[in-house]
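Work through the exercises below with the sequence and the model at hand. Each task is followed by a solution in steps.

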Amino acid sequence: ILDSVASKEGLSPPITVVTSDHGESLGEHKLLGHRFSVRNQTLQIPLFVHGLPEVPPAVLDVPVGLIDMRSSIECWTKTGSCANSIPVVADVSREGDSRKMVSFYSDESVVQEHVGQDGELKEETSRSSCAPSDLVFGRMASLTDYPMKFIWFESGETFLYGLSWDQGELSDQKS
C-alpha cells in the first residue's frame with residue numbers, strides 16, 4: 001500500500017501512524033486484559049510514526065494521549081497549528097516542558113456492561129477470584145507528571161512510581 005501511494009505523482013510522501021486504543025495487562029499486578037486498572041500496562045500504547053520529513057528516529061519519554069493525535073497529524077501534514085502536537089524529537093533537557101496525564105476508572109462502567117437486554121442485572125464474574133487487596137474494585141485515578149506517577153485507589157491505598165527506571169510500577173517510592 002505504501003509503495004503504491006509513494007509512486008503516485010504529485011503526492012507528498014506518506015506519513016504512517018500506527019497506534020492502539022489501550023494496552024493489555026498480561027499478569028502484572030495479578031491483572032489480565034484491559035479492565036479495572038490505571039496502571040501503565042493498560043494506559044501505555046504503542047505509537048509509531050514513520051515518514052516525517054527531516055525527523056530522525058527517536059524514543060520519547062513524554063506522556064502522549066490519543067487526544068494529542070488530531071492536532072499532531074494536522075501539524076505533520078501542514079494543515080494546522082503545531083502548538084498542541086506531540087513533540088517529534090527526543091529532547092534531553094525537558095526543563096519547563098511538563099506534560100501531565102490524568103486517568104480515571106470507576107466500577108460504574110462494569111455495572112452498565114452487565115445489564116441484559118431484558119434490563120436485568122447479570123452477574124459480573126470477571127473479578128470473582130480477586131480479593132479487595134488486589135485493588136481492582138471501586139474508583140481509582142492516576143496522575144503522570146513524567147518521570148513520576150501517582151496512583152490513588154478508593155480503598156485509601158496510594159502509590160508513587162519513578163517511571164524513568166520503573167515502567168512496571170513495582171517499587172513504591174512514597175515511603
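Buried means under 20% relative accessible area, exposed over 50%, and partly exposed in between, with a 1.4 Å probe and protein chains only. By this rule C130, at 23% relative accessibility, counts as partly exposed. The model is predicted, so local features need pLDDT of at least 70 and side-chain atom pairs count only at pLDDT 80 or more, while totals for chains, interfaces and linings use all residues. Residues are numbered from 1 along each chain as its sequence is written, and side-chain values use heavy atoms, with hydrogens and water left out.

**Exercise 1. The disulfide**

Task: Find which residues a disulfide joins, and state the handedness of the link.

Solution. 
Step 1. A disulfide is a pair of cysteine sulfur atoms within 2.5 Å.
Step 2. The count by this rule is 1 disulfide. C75 is joined to C82, with an S to S distance of 1.9 Å.
Step 3. The angle about the S-S bond is 90°, and the link of C75 and C82 is right-handed.
Step 4. C75 has 10% relative accessibility and counts as buried, whereas C82 has 42% and is partly exposed.

**Exercise 2. The sheet**

Task: Give the strand order of the open sheet of 4 strands, and say which strands stand at the edges.

Solution. 
Step 1. Helices (H or I, at least four residues) and strands (E, at least two) are DSSP runs, numbered from the N terminus. Two strands pair if DSSP finds at least two bridges between them.
Step 2. The order is β5-β6-β7-β8, with antiparallel pairing.
Step 3. β5 and β8 each have a single partner strand, so these two stand at the edges and one side of each is left without a neighbour in the sheet.
Step 4. Neighbouring strands of this sheet are turned by 10° against each other on average, direction ignored. The axes are lines fitted to C-alpha atoms, for helices over the stretch in contact, and angles run from 0 to 180 degrees between N-to-C directions.
Step 5. The antiparallel pair β7 and β8 has 5 bridges. F150 stands opposite L160 in β8.

**Exercise 3. Salt bridges**

Solution. 
Step 1. Side chains of opposite charge can pair when their charged atoms come close. A salt bridge is a side-chain nitrogen of Lys or Arg within 4 Å of a carboxyl oxygen of Asp or Glu.
Step 2. K100 and D145 meet at 3.7 Å, N to O. D145, at 28% relative accessibility, is partly exposed.
Step 3. R139 and E154 form a salt bridge at 3.5 Å, N to O.
Step 4. E169 and K149 meet at 2.8 Å, N to O. E169 is buried at 1%, and K149 is buried at 0% relative accessible area.
Step 5. A network of salt bridges links R39, K149 and E169.

**Exercise 4. Aromatic rings**

Task: Classify the pair of F36 and Y105 as stacked or edge-to-face, and find which charged residues sit over the ring of F159.

Solution. 
Step 1. Rings of Phe, Tyr and Trp (its six-membered ring) pair if their centres lie within 6.5 Å; planes under 30 degrees apart count as stacked, over 60 as edge-to-face and the rest as tilted.
Step 2. The structure holds 3 aromatic pairs. The ring centres of F36 and Y105 are 6.1 Å apart and the planes are at 85°, so this pair is edge-to-face. F36 is in the loop between β3 (32-33) and α2 (40-43), and Y105 is in strand β5, 69 residues apart. Both F36 and Y105 are buried.
Step 3. F159 and Y161 are stacked, at 6.1 Å centre to centre and 5° between the planes. F159 is buried at 15%, and Y161 is buried at 3%. F153, F159 and Y161 form one aromatic cluster.
Step 4. A charge sits over a ring if NZ of Lys or CZ of Arg is within 6 Å of the ring centre and within 35 degrees of the ring normal. The charged end of R39 sits over the ring of F159, 5.6 Å from its centre, and K174 lies over the face of F159 at 5.5 Å from the ring centre.
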